[in-house]
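Please look through the sequence and the model below before reading my comments. I have set them out as numbered points.

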Amino acid sequence: MLDTVKFLIGSPGASGYGSKSTAEQVTDASPDLRHITAIITGATSGIGAETARVLAKRGAKLVLPARSLKAAEDAKARILSEFPGCEIIVMALDLSSLASVRSFASEFESLRLPLNLLINNAGKFAHEHAISEDGIEMTFATNYLGHFLLTKLLLNTMIETAAASGVQGRIVNVSSAIHGWFSGDMIRYLGEISRNGSQYDETRAYALSKLANVLHTKELARRLKEMEANVTVNCVHPGIVKTRLTREREGLATDLVFLFASKLLKTIPQASATTCYVATHPRLVGVSGKYFADCNETLPSKMGSNLSEAAGLWSASEIMVSKDSSAILDPSHQLEH
């Protein structure tokens with residue numbers, strides 16, 4: 001109850017920020033990001049667009065990958081109209097396609113750019129059951145697996161950039177408190193909903209993908225520490241905001257829920273604050289493998305803290321992004337355990 005009251009009144013936590021803090025406010029401590037090159041997925045609208053706008057305001061060079069190049073060009077134009085001097089590169093990326101992720105990573109590498117900051121922000125809530133071209137349920141493919149492969153392919157560039165510049169690289173995975181709604185065997189459920197839609201529940205599928213983001217953060221942080229890489233990775237819950245992600249379904253029930261929850265909903269600048277805080281604040285140098293909400297470190301779900309679950313998901317993910325599609329599609333292979 002106390003936490004709810006603190007949220008509603010926006011009381012600052014240990015970081016000095018709270019639920020009412022905005023992205024611009026939390027980046028006041030990092031006013032000059034001209035030495036930073038950042039990739040932000042899902043930056044054409046909502047939280048991602050505000051994250052990109054604020055980082056551009058602070059001087060960061062941006063790479064905006066998007067499935068729709070027109071939407072990305074529009075986002076670029078909006079930012080440039082406000083900050084004419086910033087550098088923005090638009091590139092094609094469909095996170096639900098592993099081939100597209102590989103193509104993007106190869107194209108980015110050919111640009112010979114440094115990479116200091118990777119914000120895995122893009123998110124999808126699929127009301128209708130769908131399967132990606134790689135045979136993976138679409139929500140999981142877009143929200144988690146595409147980002148897993150993207151991070152894997154860009155990691156060496158991030159490590160090299162950090163070593164050459166002396167500036168610690170940061171990876172931010174945007175998850176959701178809804179990750180705590182999933183229980184059960186992750187890989188078994190993914191296998192079921194990747195083969196047919198009879199077991200598909202849109203909320204459970206979304207929770208699964210967001211739990212995967214949290215576990216990815218845990219295991220990647222462990223591996224980066226083991227490698228002694230000067231790169232951190234953390235995970236954030238941005239809060240609930242009525243963006244396009246939540247507006248895909250309209251109707252009386254949805255409207256009533258939003259009316260009831262209106263005091264709990266964040267504005268887009270507020271919902272972008274935790275991502276920007278974790279991505280830029282000097283206080284978080286060396287902090288890795290953590291989960292943040294309202295610009296303060298907090299605990300993920302019990303399952304989200306399970307290191308063996310994290311290691312198991314990593315192993316399964318390596319199989320799923322391999323080019324042996326039978327490992328994904330054939331239930332007699334390693335998709336189920």
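This is a predicted model: local features need pLDDT of at least 70, side-chain atom pairs count only at pLDDT 80 or more; totals for chains, interfaces and linings use all residues.

1. Residues are numbered from 1 along each chain as its sequence is written, and side-chain values use heavy atoms, with hydrogens and water left out.

2. The protein chain has 14 helices and eight strands, taken as DSSP runs numbered from the N terminus (helices: H or I, at least four residues; strands: E, at least two). Of its 337 residues, 55% are buried, where buried means under 20% relative accessible area, exposed over 50%, and partly exposed in between (1.4 Å probe, protein chains only).

3. Among contacts (heavy atoms within 4.5 Å) between residues at least 6 apart in sequence, 76% join residues at least 24 apart. The protein chain exposes about 14800 Å², and carbon and sulfur atoms supply 54% of that area, as computed by the Shrake-Rupley method with a 1.4 Å probe.

4. The structure holds zero disulfides, a disulfide being a pair of cysteine sulfur atoms within 2.5 Å. Cysteine 276 is in none, and the nearest cysteine sulfur, that of cysteine 295, is 8.8 Å away. Cysteine 276 is buried, with a relative accessible area of 1%, and cysteine 235 is also buried, with a value of 1%.

5. Helix α6 covers residues 138-165, and its 28 residues reach 38 Å from the first C-alpha to the last, close to the 40 Å expected when 1.5 Å is multiplied by one less than the number of residues.

6. Helix α6 is mostly covered, since 21 of its 28 residues are buried. At its start, a side-chain oxygen of glutamate 137 reaches to within 2.9 Å of the backbone nitrogen of threonine 139, and just after α6, glycine 166 takes a positive phi of about 80°.

7. Serine 194 lies in helix α7 (residues 186-195) and counts as buried at 6% relative accessibility. Leaving aside residues up to four places away in sequence, serine 194 touches Ile131, Gly135, Ile136 and Glu137.

Definitions and conventions:
A polar contact is a pair of N or O atoms within 3.5 Å; within protein, one must be able to donate a hydrogen and the other to accept it, and residues adjacent in sequence count only if both atoms are side-chain atoms.
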